[in-house]
Amino acid sequence: MDYEKLYSNNAKKMRSSEIRRLLEISQQPGVISFGGGLPNPNAFPVEEIREIVNKILDEEGTKALQYGPTAGLKDFIELLATFVKQDGIKAGVENILTTVGSQQALDIVGRIFLNENDVVMVGLPTYLGGINAFLAYGAKLVGVPLDENGMRVDLLEEKIKELKNKGENVKLIYTIPTFQNPAGVELSLERRKRMLEIAEEYDLLILEDDPYGKLRFEGEAIPPIKAFDENGHVIYMATFSKILSPGIRLAYVVAPEEIAKKMILAKQSMDLCTSTLTQTIAYHYIKNGYMKNHLPKIIEMYKRKRDIMLQSLEEYFPPGCKWTHPRGGMFLWVELPEYINTVEMFPEAIEKKVAYVTGKSFFVDGGGLNTMRLNFTNAGDDEIKEGIKRLAEVVKKRVK
Ligand SMILES: Cc1ncc(COP(=O)(O)O)c(C=O)c1O
């Protein structure tokens, strides 16, 4: 039977993630992979979770194994309200919902806001999972270049003006302001404030995606844009994936009440509720003070790994290559000389048993051919050095 003719228009717009495909290739034996956005397995607090799960099953097993409210368990949502307050975000329980990873939150936002040809402003580069979520609803994605201080908000405004003049329906600005995936850069405080002003002036929403904000190795913390949002222009989302475990599939959204309600409605038909078991685990993990003790440990580990990668790049990479010095997060962004194409180079890297993600995957305008994203958190310390050495050999062969 020809299934194609049965698929919905939305299904036809879905794209498979280039990264997922590359990751499969990079899982060959012996390959040192800087590809995936994976936390380090040693960063998972297995013993503490075992202790919490045992306690939950002993004391509140029947509740933790039951369905729960779509927005999330009441106690957990209340705790999240105090959790986000640490970052200056004012939220009541009516503003918060849990989601199955922030990937689900991206999909929900697409579902409730995007019609065919609506415009989403995104970074050049930006997170591929965001791109695919918006494309699935038929959105047009318009890229705005980044520099070392994040998205160029001056260009953002110019482009929005231009698009509006052409009659385009610009609705959202999608941004990952802190330790951006893939580039690792931070949006400066001034630019955060300016972005919010632009959203207010042009009647747009900012979708602030913040999986990495708590993984800061150095520098003053910059408040999330949501902390300045007095007029309901920001939908904020964060996840437990990078600070606790991606396997628990747990994230949360802080949104203006009306939007939160609509998101909950959309979520209801997707999955009824987020796992009550993992919400209860995360609840106790924070409540018992484990999170407070755990974060400095992973920050120390990831900082060390970033330093090893930076030192190795310095030591082995040829002149003419540039890379970012992320002050936190999980990724470093490398720019090779213009004439080197990292897509064409990829098979050779795999042959040399090292993998990266081609930068092109993160560009909505076909650019970034000479760039790549390197994850520094997943590989072992010695592997990072060896992997960069192997990668440098591949690059050197192409440098003129
Ligand atoms: C910017 C960004 N947003 C969202 C996600 C999805 O995270 P999760 O669904 O695991 O919460 C990721 C994961 O890498 C990410 O980097």
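Figure 1. The model is predicted, with local features requiring pLDDT of at least 70 and side-chain atom pairs pLDDT 80 or more, while totals for chains, interfaces and linings use all residues. Residues are numbered from 1 along each chain as its sequence is written, and side-chain values use heavy atoms, without hydrogens and water.

**Figure 2. A salt bridge of Glu 186 and Arg 327.** The side chains of these residues meet at 2.6 Å, N to O. A salt bridge is a side-chain nitrogen of Lys or Arg within 4 Å of a carboxyl oxygen of Asp or Glu. Across the interface of domain 1 and domain 2, two salt bridges are found.

Figure 3. Domain 1 comprises 4-45 + 294-398 and domain 2 comprises 63-290, with bounds from an automatic or database domain assignment. In contact (heavy atoms within 4.5 Å) are 36 residues of domain 1 and 38 residues of domain 2.

**Figure 4. The open sheet of eight strands.** The strand order is β2-β9-β8-β7-β6-β3-β4-β5, with mixed pairing; strands are DSSP runs (E, at least two residues), numbered from the N terminus, and two of them pair if DSSP finds at least two bridges between them. Strands β2 (96-99) and β5 (150-151) stand at the edges, each with a single partner strand, so one side of each lacks a neighbour in the sheet.

Technical notes
Helices (H or I, at least four residues) and strands (E, at least two) are DSSP runs, numbered from the N terminus.
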